[in-house]
Amino acid sequence: MIIVAGMIANILIGYNANQFIYILFQDCDPQKMYDAMLLLDVKEKKKASKNDHYFHLAQSCLFYEGKLDEGFEYLQKVDYKKKFFSKEVSYYSALANYAYLQNDREAHNRIKNEFKQLPNQIKKHNKMELKTYNSVENYMLLKEYLWDEKDSEARMLLNELLSQEVFLVNQVTFHMYLAKLDLKEQEYTNAKMHLEYVIAHGNTMKAVKEAKELLQQID
């Protein structure tokens, strides 16, 4: 925790924030990231303007750990007073993830419809933010393909997303989806390859435990 504490100190004086965030997104270590967030909480309680950002990051850690109820509790606390395009995109992406895992298609449809209104509601956004918006739109489409068992379309979209993804935590997630599609089609060699990727790179993500269990079933 010494390294993590040092990163927190850097954030508090206004630099090196990306290195801190990468504990989750590049190191795939939601447990360490959440422990760091708990330490940060002590410092941040007096800064109400940063509470929403803290809540959002905390829910991300718990989500990837598989602690969905706890993560959703944090997400429900998020209430950005001033609307920024990138923050709203990230917020709706998280909402859609929970709706999918809760198998709530009605909620997912509602979230997607509200998400589609964001570019008109928040005019101020740049090309990079719009690119992220389009990626999240594709994530939502992926969930619909999976719901509808459009496996061919899901596989094609997953491979496209994987080829463009820069964050390891998302790459691990996409490999997990591909593994499950392969298992469904009894393509065990390919499934094993994707599961081994998840295990090798997923660190403390819940997906690693699930991948090990599935790999044992194949072997």
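Modeller: Buried means under 20% relative accessible area, exposed over 50% and partly exposed in between, with a 1.4 Å probe and protein chains only. This is a predicted model, in which local features need pLDDT of at least 70, side-chain atom pairs count only at pLDDT 80 or more, and totals for chains, interfaces and linings use all residues. Residues are numbered from 1 along each chain as its sequence is written, and side-chain values use heavy atoms, leaving out hydrogens and water.

Biologist: How many helices and strands does the protein chain have?

Modeller: Helices (H or I, at least four residues) and strands (E, at least two) are DSSP runs, numbered from the N terminus. The protein chain has 13 helices and zero strands. Of its 219 residues, 45% count as buried.

Biologist: How do I read contacts across the sequence, and what share joins residues at least 24 apart?

Modeller: Contact means heavy atoms within 4.5 Å. In the protein chain, taking contacts between residues at least 6 apart in sequence, 57% join residues at least 24 apart.

Biologist: Is Glu-65 buried or exposed?

Modeller: Glu-65 has a relative accessible area of 14%, so it is buried. It belongs to helix H4, residues 51-65. Beyond its neighbours within four places in sequence, Glu-65 is in contact with Pro-30, Gln-31, Tyr-34, Thr-204 and Lys-206. The helix around Glu-65 is mostly covered too, with 13 of the 15 residues of H4 buried. Just after H4, Gly-66 takes a positive phi of about 90°.

Biologist: What span should H4 have, at 1.5 Å a residue?

Modeller: The expected span of a helix is 1.5 Å times one less than its number of residues. For the 15 residues of H4 that gives 21 Å, and the end C-alpha atoms are 21 Å apart, which agrees. Helix H6 (residues 85-101) has 17 residues and should span 24 Å; its end C-alpha atoms are 25 Å apart, which agrees.

Biologist: Which residues of H6 are buried, and what covers them?

Modeller: An α-helix has 3.6 residues a turn, so residues three or four places apart point the same way. In H6, 12 of the 17 residues are buried, among them Phe-85, Glu-88, Tyr-92 and Ala-96. The cover includes H4, helix H5 (68-77), helix H7 (105-116), helix H8 (118-121), H9 and helix H11 (168-184). Just after H6, Asn-103 takes a positive phi of about 55°.

Biologist: At what angle do H9 and H10 pack?

Modeller: Axes are lines fitted to C-alpha atoms, for helices over the stretch in contact, and angles run from 0 to 180 degrees between N-to-C directions. Angles under 35 degrees count as roughly parallel, over 145 as roughly antiparallel, 65 to 115 as roughly perpendicular and the rest as oblique. H9 (residues 127-147) and H10 (residues 151-164) pack at about 155°, with their axes 9 Å apart. H9 is therefore roughly antiparallel to H10.

Biologist: Which residues of H9 and H10 meet?

Modeller: Asn-138, Tyr-139, Leu-141, Leu-142, Tyr-145 and Leu-146 in H9 meet Glu-153, Ala-154, Leu-157, Leu-158 and Leu-161 in H10. By class, this contact has nine nonpolar, one polar and one charged residues. Here Ala, Val, Leu, Ile, Met, Phe, Trp, Tyr, Cys and Pro count as nonpolar, Asp, Glu, Lys and Arg as charged, and the others, Gly among them, as polar.

Biologist: How do H10 and H11 cross?

Modeller: Their axes come within 10 Å and cross at roughly 155°, so H10 and H11 are roughly antiparallel to each other. Residues of H10 including Asp-151, Arg-155 and Leu-162 meet residues of H11 including Phe-174, His-175 and Lys-184. The contact of H10 with H11 has eight nonpolar, three polar and four charged residues.
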